[in-house]
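Trainee: I would like to learn how to read a protein model step by step. Could we go through one together, with the general idea first and the case after it?

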Amino acid sequence: MKNYDVVIIGAGPAGIVTGATIKKQYPHKSVIVFAEEEKGLVPCGIPYIFHHLNSVEKNVMMPKAVIDAGGEVVVDYVTNVDADVKTVTTESGGIYKFEKLIFATGSRAVVANFIPGYDLENVFYVRKSYNYITKMFAELKEKKNIVVVGGGFIGAEIAEQLSLNLDKKVKLIESEEYCFSKAFSNNLSKIATEQLRKTDVDVFTSSMVQEILGEDGKVKAVRLKDGNEFEADAIILAVGYKPNTQLAIDAGLTVNRNNAIVVDNYKQSSVKDIYAVGDCSQTLGFLTGRDDFIMLASTATAEARILGYNLFGLKIKNRFSGTIGIFSTVIKDLSMAAAGLNEKNGLMTDVDYIEAEFSAVDRHPGTIDDTSSLSVKLFVSPTDGSILGGEVWGGKSAGEIINTIGLAIQKNVTIYELISYQIGSHPLLTTAPTMPVFIKAAEVALNKIEAQRKIG
């Protein structure tokens with residue numbers, strides 16, 4: 001039996017950042033990370049393996065940061081956790097005693113066993129596994145007719161990337177009216193779906209798969225509930241992810257209705273000295289404080305830093321009031337991003353808000369080369385002017401603007417403060433100093449609030 005101060009199960013973004021942070025903050029503590037495979041993948045980069053990168057190796061993520069900081073990484077599968085005696089047992093028969101244990105086991109792709117034919121040969125999932133994606137990448141090289149089921153970020157991005165290969169015909173099936181509907185507002189979901197239709201992907205929304213048809217045990221076609229059938233020699237089921245928590249459940253940890261591990265502000269589970277971070281752990285909505293279902297590497301690494309700093313004593317206060325949820329994507333050169341509240345989750349939480357939108361170009365003057373349109377929509381409380389959510393679409397600067405809006409939400413910035421926000425500008429980098437889009441959107445919101453007050 002080997003003894004360690006910290007045992008981390010999982011070598012994804014959450015596990016790597018947690019391990020490296022702990023070693024940097026507490027260099028005298030021994031840390032071991034268990035990885036299921038020798039190589040990992042950058043989760044958000046997986047769709048781009050299939051065209052832009054054209055390689056699995058170019059998307060590899062290694063736990064080098066943990067090793068460089070003085071930690072250990074072992075490729076072995078943890079099969080049992082005994083919370084009482086504080087040990088973990090691995091597939092190879094190793095037993096490791098811990099002072100602190102961290103679950104960073106991530107999430108697993110949902111297996112669509114509710115669709116007949118889900119288990120046929122050439123039905124694939126977007127799994128966060130180097131070995132699986134390597135095999136999938138090689139096999140899809142030979143496929144000509146590919147149907148992607150699921151129009152969320154992963155499904156839409158992988159469909160777009162596959163369609164850029166001239167030898168492939170790609171169809172996307174989405175059950176909702178628009179793609180990206182779980183993260184974007186109706187308006188931005190519609191813009192995103194229209195943009196996807198400008199690619200070589202055949203997009204079918206408001207459509208449900210009834211059955212995957214096969215011949216000799218292999219995929220032959222897909223049948224929709226409306227009776228349409230599409231020939232296919234490969235199906236990719238991108239129908240979501242779920243927390244990978246069976247090991248934690250077996251160890252006696254409390255999980256929520258989504259089977260995510262329940263944790264406090266500092267990621268402590270229901271069992272003393274056992275923690276959870278990333279996709280396997282509970283997230284709470286920043287407005288409601290209730291269970292949410294957001295799985296993002298950016299959220300996971302933020303949680304990991306908090307845990308790493310505070311594991312052996314409170315060093316930094318956790319200022320998360322809840323998970324904001326900051327999403328971004330690019331389809332056919334149109335960048336789209338969202339953070340926090342929009343009219344969909346606003347309805348679910350019964351939040352009072354106003355919308356304010358402003359558009360300009362992302363360089364100045366507008367005659368400069370490489371200029372793109374840029375639009376910002378803010379969702380603002382009419383009571384105190386606080387920013388509750390935002391969306392940005394247009395040029396590539398949308399990705400960083402949404403991060404600024406995310407910070408504003410997290411710090412409870414109001415539109416009154418945002419209007420006096422000091423910015424830098426440059427013709428080749430930003431909108432004109434006379435019309436920074438998110439500040440101008442704040443002005444629109446202020447005018448709406450003032451008009452409401454006058455009417456009231």
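Trainee: Is helix H4 (residues 153-163) mostly covered or mostly uncovered, and how many of its residues are buried?

Mentor: Before I answer, please keep in mind that this is a predicted model, in which local features need pLDDT of at least 70 and side-chain atom pairs count only at pLDDT 80 or more, while totals for chains, interfaces and linings use all residues. Residues are numbered from 1 along each chain as its sequence is written, and side-chain values use heavy atoms, with hydrogens and water left out. As for the terms, helices (H or I, at least four residues) and strands (E, at least two) are DSSP runs numbered from the N terminus, and buried means under 20% relative accessible area, exposed over 50%, and partly exposed in between, with a 1.4 Å probe and protein chains only. Helix H4 is mostly covered, since 10 of its 11 residues are buried, including Phe153, Glu157, Ile158, Gln161 and Leu162.

Trainee: How many helices and strands does the protein chain have, and what percentage of its residues count as buried?

Mentor: The protein chain has 11 helices and 26 strands, and 53% of its 456 residues count as buried.

Trainee: What does the radius of gyration tell me about the protein chain?

Mentor: The radius of gyration is taken over C-alpha atoms, and the globule rule is 2.2 Å times the number of residues to the power 0.38. For 456 residues a compact globule would come near 23 Å, and the protein chain has 23 Å, so the two agree. Along the principal axes, the C-alpha atoms fill a box of roughly 70 × 60 × 40 Å.

Trainee: Which residues have the most contacts inside the largest nonpolar core?

Mentor: In soluble globular proteins, nonpolar side chains tend to be buried together. A nonpolar core is a set of buried Ala, Val, Leu, Ile, Met, Phe, Trp, Tyr and Cys residues joined through side-chain atoms within 4.5 Å. Here the largest such core has 60 residues, and those with the most contacts inside it are Phe50 and Ile235. Helix H3 (residues 130-140) supplies the largest share of this core, six residues. Apart from it lies another core, of 30 residues, among them Ala337, Ile402, Phe438 and Ala441.

Trainee: What does phenylalanine 50 touch?

Mentor: Contact means heavy atoms within 4.5 Å. Not counting residues up to four places away in sequence, phenylalanine 50 touches Ile133, Met136, Phe137, Leu140, Ile158, Gln161, Leu162 and Asn165; of these, Ile158, Gln161 and Leu162 are among the buried residues of H4.

Trainee: Where does alanine 112 lie, and is alanine 112 buried or exposed?

Mentor: Alanine 112 lies in the loop between strand E9 (107-109) and strand E10 (123-125), and alanine 112 counts as buried because its relative accessibility is 0%. Leaving out residues up to four places away in sequence, alanine 112 touches Tyr118, Tyr125, Leu237 and Val239. Alanine 112 and alanine 238 are 126 residues apart in sequence, yet 9.0 Å apart in space, C-alpha to C-alpha.

Trainee: What can I read from alanine 339 in strand E23?

Mentor: Alanine 339 has its place in strand E23 (residues 334-340) and is buried, with a relative accessible area of 1%. Its contacts, apart from neighbours within four places in sequence, are Ile324, Gly325, Ile326, Gly389, Gly390, Ile402 and Ile409. One of these, Ile402, also belongs to the core of 30 residues.

Trainee: What should I look for in the backbone angles?

Mentor: Most residues other than glycine have a negative phi, and most peptide bonds are trans. In this model, phi of asparagine 54 is near 50 degrees, a positive value, and asparagine 412 has a positive phi of about 55 degrees. Asparagine 54 is in the loop between strand E3 (40-41) and strand E4 (60-61) and, at 41% relative accessibility, counts as partly exposed. Asparagine 412 lies in the loop between helix H9 (398-410) and helix H10 (415-419) and, at 57%, counts as exposed. The peptide bond from histidine 364 to proline 365 is cis, with omega near -5 degrees, and proline 365 is found in the loop between strand E24 (354-361) and strand E25 (373-380).
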